[in-house]
Structures are given as C-alpha cells and as structure tokens.
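Trainee: I have a new model on my screen and would like to walk through it with you. Could you show it and start with the sheet?

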Amino acid sequence: MLQEGRITRLGESVPRPVDVKVVAATNADLESAVRKGAFRADLYARLNPAAKLRLPPLRERIADLPELARSFVRKTFAAGVDRELLARYLDTAGLRAASAPHAELAIGRAPASPTRGVVFVLARPSLVALEAHSWPGNVRELELLLKTAVVSALSDALTAVEGRPESSRPDTRRAAGTQQEARIVPIPAKLVRELVAASWTPDAPRAPKRGAESFEVRPGFEVRPGATPHEVAVALERQLYERLYAETDGDFTRMARRLLSGDAATN
C-alpha cells in the first residue's frame, strides 16, 4: 500500500486505489532496530526516514515548560467535571459573567487587573522545581502534575469561599479590587514540591541480565537472548564464523589454521 497506493480487501481479488498519507510515530530507535533485524528494512525505507521529525523529550527542551504549562491549564478546564468545578467557583465567588468559564496560568506574579475567569499563579520557586525535575514520564507527566495542582488549588479556594458568610462574598456590586482578588488562585509551593517529590522516577540502571537483554562479552561478540543455552551458543558460533570469514576473505584454510590445532590441511 505504501509503495503502490493500492489495497486489496479481504475476500476481494481486485485492488482498490487509495489516496492517503500515513503518519507513523514511535518511541523506538528504528535505525537500530533495522540493524538488529528487529524491524523490516523495506518498511522503514517506505516510511521515508528522510522526512522524519524528532520530538525531543521534555528534559531536553525544558524552555518549553512554561508554555506547555499554560496550555495544560487551559485544557484542564476546557471540558468535563473540572470545567463544572470552575463554573461553580465563579458562581459562588460572584464572578460568573456572560462568557464561558475560563482559566489561565501566570508565572511569578498575577496580572495587575484580571477581568476574565480565574488566573492560577505559579510562583517562581515552583517553576524552578519543575524545571529541575527529570520528567521521566515526559510531557504527559507534566500535564497530570499540573492538573492535580490546579484542581486541588481551585477546590481549596472554593471551600474557602463557601465557608464565608453570604454578605462577605465578592459580587458584581462590590469593589472591583475584591473581585480581582477572587479571580487569583495561587498554587501552593508546598503542593508543587510534594507532587514533584512523589512523581514516578525510573529505577537506577542495572547491569544487563542473561536472557533479558543482549550484551557484549567482548567487542564484536554480542550475546543475544535465546530460548535455550544451545540456541545462544549457536548464535555466538555464527558470529565467530562470520568474523573469521570476513578477516580471511573467505579462505577456509586460513580459517582452519586459526581455529584448529594440528595440520589445517588434514583437518
């Protein structure tokens, strides 16, 4: 299909033309997999490796973290129960406007006069803690961490507002300054530290185990996992013969001299 742009459906004998673009994504090193025989070379070639795009992990593009964080906060409250929580807070705090519930993230300090929805404020030390994290779970880990942080902060703010007497709650008839204060929801630095500390971290690198991963016993000789010890030994023997064949230009007599004791001609 990739080569000819045609497919044959199950049960049919006549190919059909298709006009599609295929976008393939993977977290594996396909070039290495092709060299090891674990991925078909012809398929890799047809996937057009010259046009590949590499998306670095978050730890290699940490400068993108603030913008990603802002995007994830907006996404968190775009739909579902979290959006309903935001709407409830706005109603309870007397901030509900004609526009839809809206949330933004500010880093360092809140804007001077927020007039729409809620602005979550992430302190600079919290940003430093996020930037120092290794992010083994990549961008998804950041998204989940931020979602937990902002939803927790908003829930606490809602609880605080609901606990006030009706007369002390901000509404449209009160001073604009009071309304603006209600629109600002700080994300506790302690909460961020706890979430980062509790975040999943990978185990320390371990030495390769026999039967689990391939490893070199010496340069040029790789032990590959096999179903039985005999299968592993055959694979090593094949590597030895292939190397000798290359080093002797295919001269079996020279190979025999290097492998065998006694007279190579009689062996």
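Mentor: Three strands form an open sheet with parallel pairing, in the order β3-β4-β5. Strands here are DSSP runs of E with at least two residues, helices are runs of H or I with at least four, and both are numbered from the N terminus. Two strands pair if DSSP finds at least two bridges between them.

Trainee: Before we go on, what kind of model is this, and how are residues numbered?

Mentor: This is a predicted model, where local features need pLDDT of at least 70 and side-chain atom pairs count only at pLDDT 80 or more, while totals for chains, interfaces and linings use all residues. Side-chain values use heavy atoms, with hydrogens and water left out, and residues are numbered from 1 along each chain as its sequence is written.

Trainee: Over how many bridges does β4 pair with β5?

Mentor: Strand β4 covers residues 118–122. Phe-120 stands opposite Val-185 in β5, and Leu-122 stands opposite Ile-187. The two strands pair in the parallel sense, over four bridges.

Trainee: Why is β4 described as largely enclosed by the rest of the structure?

Mentor: Val-118, Phe-120 and Leu-122 lie on one side and Val-119 and Val-121 on the other, and both faces are covered. Buried means under 20% relative accessible area, exposed means over 50%, and partly exposed is in between (1.4 Å probe, protein chains only). β4 is largely enclosed because the buried residues number five of the five.

Trainee: Which residues make the uncovered face of β5?

Mentor: β5 has one covered face, with Val-185 and Ile-187. The uncovered face is made by Ile-184 and Pro-186.

Trainee: Is Arg-61 buried or exposed?

Mentor: Arg-61 sits in the loop between α2 (41–46) and α3 (65–76). Leaving aside neighbours within four places in sequence, Arg-61 is in contact (heavy atoms within 4.5 Å) with Leu-55, Pro-56, Leu-68 and Val-139. Its relative accessibility is 17%, so Arg-61 counts as buried.

Trainee: How many helices and strands does the protein chain have, and what share of its residues count as buried?

Mentor: The secondary structure comes to 10 helices and seven strands. Residues 24 or more positions apart account for 51% of the contacts with a separation of 6 or more. Of the 267 residues in the chain, the share that count as buried is 30%.
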